Amino acid sequence: MTLKTVGLALAALGGAAMFAPAMAQNEQYVPILSYRTGPYAVNGAPYADGVSDYYNLVNLRDGGINGVKLQIEECETGYATDKGVECYERMKGKGPTGASFFNPLSTGITFALTDKTLQDKIPIITMGYGRADSKNGAVFAYNFPLLGTYWSAADIAMQHIAKELGGEGNLKGKKIALVFHDSPYGKEPIPTLEVLAKKNGFTFIPIPVTHPGVEQKSQWLRIRQERPDYVLLWGWGVMNGTSINEAASVAYPRDKIIGVWWSGAEPDVAPAGAQATGYKALMLQHGAGEFGVHGAIKQHVPNRLGKENFGQVLYNRGVVNAMLGVEAIRTAQKRFGNKPLTGEQIRWGLENLDLSAARLKELGFEGMMRPVKISCGDHEGARDGRVQQWDGKKWNIISDWYTARQDVTEPLVKDISAKYAAEKKITPRDCSKAD
Amino acid sequence: MQELGSFLEVLISGLLAGVLYSLVALGFVLIFKASGVFNFAQGAMVLLAGLALVRCLDFLVARGMPFWAAVALGMIFAAAVMAICAFMVERYVLGPLVNQNALTMFMATIGATFVIEGVAQMIFGSDVYPLRLFPTDAWIAGEGVFPGGILINKLDVWGGVIAGLLVVALALFFQHTKTGRALRAVADDHAAAQSVGIPIAWIWFVVWLVAGLVALVAAAIWGTKLGVQFSITFLALKALPVLIIGGFTSVPGAIVGGLIVGAGEKLAEVYLGPFIGGGIEYWFAYVLALAVLMVRPQGLYGEKIIERI
């Protein structure tokens with residue numbers, strides 16, 4: 001290589017270096033906290049694929065959001081809270097306007113970031129997970145547990161059990177066990193189930209499983225001894241398949257087990273094989289399958305990450321999650337202009353997000369989810385779910401829509417978020433004056 | 001009577017679960033006996049063996065090969081992979097560190113862990129791969145005596161039988177073969193063993209291969225239980241208290257340690273757990289290990305090392 005060649009190469013690199021920031025000035029920085037390694041990778045990877053593919057669809061098909069391209073970067077958390085916080089600190093200030101929002105896909109990381117995001121004015125989107133009390137946007141201005149909290153999930157599961165038993169009155173005297181991941185995630189539904197146990201007169205038996213859940217013999221022997229009428233499963237990763245296997249080994253009927261929506265994907269039933277047949281799980285609105293948006297991804301994202309998992313439950317959840325973030329940015333642009341926006345401005349977009357059935361159809365999500373409308377007092381936006389059942393090969397939807405009862409969850413939301421506000425010395429916003 | 005039946009059920013299940021932990025612990029014991037190294041990579045070796053087995057099995061079955069023929073070929077393929085792994089570890093990790101202290105070699109096995117985990121997933125994939133080599137349903141025993149009977153999982157019984165056979169085979173290997181005796185000499189002192197003509201590179205290759213084959217057996221059983229996936233590496237954590245209790249140098253100790261840990265943690269979880277919030281079995285195993293450490297630091301069956309200073 002001659003000196004002249006080296007000089008030209010350096011000049012080209014210099015030019016690219018000068019050009020790159022100029023391009024980046026009109027890009028919206030969107031971090032993705034993901035886990036493609038570690039014990040929860042089997043669930044984390046398809047979700048991250050869905051998120052990434054949707055952002056790429058927006059860039060490749062539409063040229064970004066109203067001309068503002070998404071600048072995407074992934075950070076591997078391994079589902080570890082410390083790594084999640086590290087990723088957050090490293091990424092929060094990147095891009096021309098800082099991080100748009102964070103989706104940690106971990107209730108533990110969500111708990112750790114909740115105070116920080118408030119200080120840094122960056123929204124934290126926890127679709128179907130996270131702190132249930134953060135539904136109250138008056139206290140948790142930057143938390144958005146979109147589409148359903150664990151308290152909503154617990155209520156939906158109990159509504160379904162009541163329906164199977166022939167009415168809410170028939171819950172009296174029954175035993176309902178909760179086999180849960182012994183972590184902030186797994187403990188979240190407990191307050192709701194305690195309230196419902198008191199209200200409906202059933203016995204509630206919480207049974208924790210230590211991370212990661214590879215050994216659950218004692219928990220399922222206890223189930224065999226207690227003989228509960230139903231078991232609710234609040235697991236993640238390897239814990240789900242192991243639970244189903246152990247249920248089979250103690251001959252507990254799989255159709256009496258109802259998993260939360262994080263225990264109802266393909267990797268959760270695969271390890272148990274035929275023994276998972278009959279197992280039921282909640283749906284966070286959507287299930288598996290291909291819809292309009294999948295056709296668009298196939299057409300416009302040639303190097304899509306979703307391959308074998310394309311159209312599976314967790315891939316689809318990633319797609320839905322990414323779409324909600326993109327639409328929040330689009331909503332915020334209507335007010336603040338078609339340019340890269342700050343986290344604070346996108347928070348406004350999230351709080352004013354209103355996706356009608358017509359808009360969902362336009363976006364290719366018809367049949368996948370119901371309309372959602374966020375407000376200051378309701379950062380959940382929708383609390384609808386269905387129940388699906390595994391037939392040994394695929395998930396089948398077996399119920400109509402349920403809507404979580406606000407009279408069950410709202411007193412808890414008010415009570416626990418008020419305690420949080422008092423502890424953190426937060427003055428709740430007056431939602432009647434929120435713009 | 002029902003209470004007694006429940007107690008026996010938990011006890012038997014715990015003992016059998018403990019034998020499954022012993023299967024993983026045996027791999028640690030073998031390498032410690034032969035090199036004085038605590039092999040941090042044993043969990044990763046279980047993952048590698050399991051992935052090689054299940055991926056080969058799936059490949060052959062998908063091409064129409066009868067299941068049990070595919071299992072046999074899958075086992076041979078996985079054993080070959082473990083032989084390659086043993087060769088690489090000896091050549092590139094431990095070989096260059098002969099006569100270094102145990103801590104250096106321990107750190108080297110930590111490095112090997114991450115390489116094995118990464119390479120295994122890169123080659124064979126990182127999804128959950130179901131494996132069905134053993135029955136996973138249960139027998140109900142003593143129904144006439146105890147209401148509801150006593151549940152005994154068939155997979156656990158298979159694990160117990162296989163672990164028993166392994167212990168006998170390994171005991172014979174260590175006590176009655178030339179290579180086995182050479183392994184024990186190398187464990188005592190690398191340099192002294194080399195000076196009397198023991199080929200240390202060959203010995204280490206053999207022991208890592210045997211540990212790899214034990215990992216393959218553990219992977220076949222645990223893979224049937226959990227599906228072959230990354231979480232299988234966490235079994236190493238279950239084996240640690242087993243080793244502390246049984247002793248790092250004793251094959252029978254690994255079995256006895258497993259029985260104590262298995263029974264202890266299950267009884268604690270079922271009978272003590274509900275009073276203190278549950279989820280105690282993971283740390284309760286370490287409480288048992290600490291108790292043994294206080295009384296017998298070398299473990300119940302470990303060799304007491306006396307050094308002249």
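**Reading a helix crossing**

Tutor: The crossing of α1(B) and α10(B) is right-handed, a crossing being left-handed if the near helix is turned anticlockwise from the far one by less than a right angle and right-handed if clockwise; helices (H or I, at least four residues) and strands (E, at least two) are DSSP runs, numbered from the N terminus. This is a predicted model, in which local features need pLDDT of at least 70 and side-chain atom pairs count only at pLDDT 80 or more, while totals for chains, interfaces and linings use all residues. Residues are numbered from 1 along each chain as its sequence is written, and chains are lettered from A and ligands numbered from 1 in the order in which they are written.

Student: What are the distance and the angle between the axes of α1(B) and α10(B)?

Tutor: Two packed helices are described by the angle between their axes and the distance between the axes. Here the axes of α1(B) and α10(B) come within 6 Å and cross at roughly 140°, with axes fitted to C-alpha atoms over the stretch in contact and angles running from 0 to 180 degrees between N-to-C directions.

Student: Which secondary structure does chain B contain?

Tutor: Chain B has 11 helices and 2 strands, arranged along the sequence as α-α-α-α-β-β-α-α-α-α-α-α-α.

Student: What are the dimensions of the C-alpha trace of chain B along its principal axes?

Tutor: The C-alpha trace of chain B spans about 65 × 60 × 35 Å along those axes. Buried residues, those with 20 or more other C-beta atoms (placed from the backbone) within 10 Å of their own, make up 54% of the 309 residues in chain B.

Conventions
A residue is buried if 20 or more other C-beta atoms lie within 10 Å of its own, exposed if 12 or fewer, and partly exposed in between; C-beta atoms are placed from the backbone.
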